[in-house]
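Please examine the sequence and the three-dimensional structure shown below. The paragraphs that follow move from contacts inside the chains to the contact between them.

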Amino acid sequence: MLLQKLKEYAARSPAADLPPMYLATPIKWLIHLDQEGKFLGFVSTSSGTKKKNDRGKEYPAPSLVRAYGIKPKLLADRADYVLGFIEEDAKPKDKKRAQDCHNAFVALIKECVRATRVPEVLAVEKFLDNLDLTTLSLPADISSGDNVTFVVDGTMPIDLQRVREFWAQTQASSEELAQCLVCGQLKPPMKRQPIKVKGIPGGQPSGMALVSANAAAFESYGLEASLVAPICRECAEGYGRALEQLIRGEDTHLTIGPCVYLFWTREDQGFSPVSILASPEPGDVKALLRSVYGTRGAMPLNPMDFYAIALSSSGGRVAVRDWLVTTVGEVQQNLAWYFRLQRLADRDGRPVGLFPLTASLVAASKDIRVNIPEAFVNLALKGTPLPRWILYEAVRRSAVEQRVTRPRACVIKMALLSQEKGTREDGYMEQLDLANRNPAYLSGRLLAVLEFIQEAALPGIKATIVDRYYGTASSAPASVYGRLLRTAQSHLAKLRKDKKGAYTVLQRLLEEVLAGLKMFPATLNLQDQALFALGYYHQRAAGWSAGVTAAAKDHPEDEE
Amino acid sequence: MYEDAPLVVKLWGDFACFTRPEMKVERVSYPVLTPSAARGALEAIFWKPEFRWRVKRIDVLKPIRYFSLLRNEVNNKVAVSSVKGWGPDHGYYADLDRAQRHTLALRDVAYLVWADVDLAHHASGIDPAKYRDQFRRRVARGQCRHQPYLGCREFAAFFSPPDGREQPFPLTEDLGLMLFDIDYAPDGSGRGKPRFFRAKLVGGILDIPQEL
């Protein structure tokens with residue numbers, strides 16, 4: 001089904017017009033010839049920007065999948081194939097190989113001339129017959145890996161219909177007919193897939209196969225390589241081109257850590273979750289929420305089919321990590337929920353992008369395992385609750401770093417609340433919750449209050465109590481709070497002398513929080529540690545004066 | 001009068017992987033039990049050379065849920081010749097021949113499989129009702145030749161007669177081409193060609209074309 005959907009996608013893209021066994025290929029050098037095959041000169045197609053990886057302009061050109069073996073492409077290929085050109089300092093072995101490559105290339109041209117009698121190819125043949133690299137004025141910056149092709153009297157031979165037919169013929173599969181598992185027709189299957197998938201993080205830059213059996217254990221029924229899954233050439237090229245395009249497309253792909261997500265819809269609708277997931281703008285999120293929640297029941301959900309696929313590399317092969325078929329409407333609804341879940345009080349209240357969310361769970365972004373972004377994308381697209389281990393990672397990371405960052409607080413809130421869809425009213429856990437009497441939550445708030453007191457008493461100190469005690473306070477509050485409260489008393493005493501105003505506010509805030517705490521819990525479990533983190537974060541975000549003002553409003557009797 | 005009474009068995013399990021042939025290296029499962037996997041499960045319960053199973057219909061009883069898992073697997077097959085060479089001192093070290101492979105499998109599945117028996121040529125004249133009754137008795141007692149499984153040996157299947165309260169999970173979806181079965185070469189070489197059919201889930205029911 002996946003391959004079929006990809007093929008459908010390819011059919012509506014510009015690549016659908018490519019001839020069989022052709023691919024858009026960057027070609028850096030054009031060799032201009034006249035009708036007689038006389039050399040006129042080299043023309044570079046490079047854009048002029050001195051980019052290192054400038055590989056030239058893209059043309060539809062013959063393509064095939066090549067490993068180390070010598071297999072020439074017709075008329076357009078690397079410089080070592082086309083000209084036998086190799087750098088001066090190359091090893092003798094490679095020089096010999098370049099010569100072999102060139103011979104194979106010339107042989108293919110001769111075959112093409114015999115079969116088609118196309119005058120332009122004949123001219124190329126003549127040129128190659130008289131080729132002498134020592135007299136040819138080669139461009140200074142040509143390298144053996146650059147692609148080269150010919151222009152004969154203004155025409156590119158690779159554009160000619162008969163040349164294209166010839167190339168398709170030489171590449172036709174000689175396999176026995178079999179039922180193609182994409183289109184269902186009886187056709188010769190491809191032994192090797194014609195297009196390798198490039199651009200998978202961690203994969204081989206030359207591309208990898210999605211369909212192939214490259215070891216004995218992967219083969220079945222005595223069938224080798226891709227014959228285990230018979231796919232005809234049209235379908236194989238179709239899905240290959242679609243993948244290529246989706247991986248390149250600005251708003252069709254999203255790479256996070258070791259995984260690339262591809263998104264598309266059955267028909268072009270201009271909907272893509274890429275930008276809103278990667279770098280959500282508050283305005284866009286607001287518009288999304290309004291479109292989903294604002295018109296409840298009034299507007300039917302957009303029923304257009306939506307597909308998402310997650311690819312990663314696994315030992316030189318492409319692994320499909322996830323595959324989702326749903327509708328645009330469903331995705332919009334789940335996305336809205338995803339953003340509602342992560343709403344958290346803050347000065348600017350900006351939504352958090354997918355990358356900061358995932359990166360908040362690991363020490364360095366290179367540690368992002370595939371299943372972390374997977375969990376978030378599943379929540380955003382399918383509405384699948386975040387798994388419990390995400391909560392564990394977030395809590396553990398907070399303890400290790402002795403800090404609750406905004407993305408991490410978002411993750412904790414999402415993980416806590418995603419389990420209970422629709423059972424909580426809007427705004428729950430978004431900001432400081434003064435009515436929350438949960439000991440873990442209050443312990444978290446208390447730590448923030450103690451930190452405020454310390455900051456006020458000793459402005460500019462480098463290591464605060466949070467830097468030293470967050471881990472213990474969040475897991476075993478009873479063991480540290482006695483000591484922390486004693487220290488806070490001396491800080492408060494100092495404040496009473498120096499800053500009367502701050503003293504009054506903080507003293508009241510401390511009392512407010514302590515009033516709810518009958519005793520300090522000896523240990524906190526995972527759920528409670530998460531609440532602790534949120535309590536700490538909420539209190540920090542609310543600031544100390546805000547906390548007191550709110551508390552005063554909530555408990556008017558405190559005014560006396 | 002038992003002529004047309006269909007055989008139906010309920011199969012369920014925690015995990016399942018009905019591997020798509022195009023993604024069999026880094027495995028991806030079909031969303032629904034395939035007819036050939038259903039046949040395998042039926043054969044595990046009861047099989048005789050006198051008949052072969054023909055799966056008629058599959059009811060999907062639970063929502064389709066995927067999960068992914070990563071395992072170390074070996075790159076080679078067990079061939080008789082290489083086993084002979086192992087001997088007491090030259091064992092096969094799986095650690096030296098490993099590949100890490102990913103599987104996108106299904107979790108928490110349950111199906112009703114409707115099937116019938118087709119008699120072989122040499123069994124003409126036998127009343128197939130006898131096999132059907134044997135099958136029903138075996139299912140009722142929980143007897144099987146080996147534990148049936150859902151696509152992969154390691155995903156064991158449990159089975160029972162349906163209790164009549166099963167409802168297909170209402171899901172209508174075009175599943176595209178699905179593996180029907182393998183046409184094995186008659187020479188016994190084990191070579192075979194996969195055959196596919198257009199699978200369509202209508203209200204949680206997958207009808208298997210009988211002309212195949």
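In chain B, B:Arg54 and B:Asp118 form a salt bridge, with their closest N and O atoms 2.7 Å apart; a salt bridge is a side-chain nitrogen of Lys or Arg within 4 Å of a carboxyl oxygen of Asp or Glu. This pair links distant parts of the chain, for B:Arg54 lies in strand 3 of chain B and B:Asp118 in strand 5 (residues 98-119), 64 residues apart. Helices (H or I, at least four residues) and strands (E, at least two) are DSSP runs, numbered from the N terminus. B:Arg54 is partly exposed at 26% relative accessibility, and B:Asp118 is partly exposed with a relative accessible area of 26%. Here buried means under 20% relative accessible area, exposed means over 50%, and partly exposed lies in between (1.4 Å probe, protein chains only).

The model is predicted: local features need pLDDT of at least 70, side-chain atom pairs count only at pLDDT 80 or more, and totals for chains, interfaces and linings use all residues. Residues are numbered from 1 along each chain as its sequence is written, chains are lettered from A and ligands numbered from 1 in the order in which they are written, and side-chain values use heavy atoms, with hydrogens and water left out.

Over all chains, the structure holds 45 salt bridges. One of them joins A:Arg396 and A:Glu393, at 3.4 Å from N to O. These two residues are three apart in helix 12 (residues 388-401) of chain A, which means that about one helical turn separates them. An α-helix has 3.6 residues a turn, so residues three or four places apart point the same way. A:Arg396 is partly exposed, with a relative accessible area of 38%, whereas A:Glu393 is buried, at 11%.

Rings of Phe, Tyr and Trp (its six-membered ring) pair if their centres lie within 6.5 Å; planes under 30 degrees apart count as stacked, over 60 as edge-to-face and the rest as tilted. The ring centres of B:Trp12 and B:Phe158 are 6.2 Å apart and the planes stand at 40°, so this pair is tilted. B:Trp12 belongs to strand 1 (residues 7-16) and B:Phe158 to strand 6 (residues 158-160) of chain B, so the pair ties together parts that are 146 residues apart in sequence. B:Trp12 is partly exposed at 31% relative accessibility. In chain A, one aromatic cluster consists of A:Trp29, A:Phe39, A:Phe42, A:Phe127 and A:Phe150.

How many residues does each chain bring to the contact between chain A and chain B? Chain A supplies 38 residues and chain B supplies 34, where contact means heavy atoms within 4.5 Å. The area buried between the two chains is about 3,000 Å², and carbon and sulfur atoms give 56% of this area. Buried area is the accessible area (1.4 Å probe) that two parts lose on being put together, summed over both. In chain A, A:Met1, A:Phe218 and A:Tyr221 lose the most area to chain B, together 22% of what that side buries.

Between chain A and chain B there is one salt bridge, in which the side chains of B:Glu26 and A:Arg317 meet at 2.7 Å, N to O. Helix 1 (2-11) and strand 12 (317-327) of chain A each supply at least two residues of the side that touches chain B. Strand 12 of chain A gives the most to that side, with seven residues.
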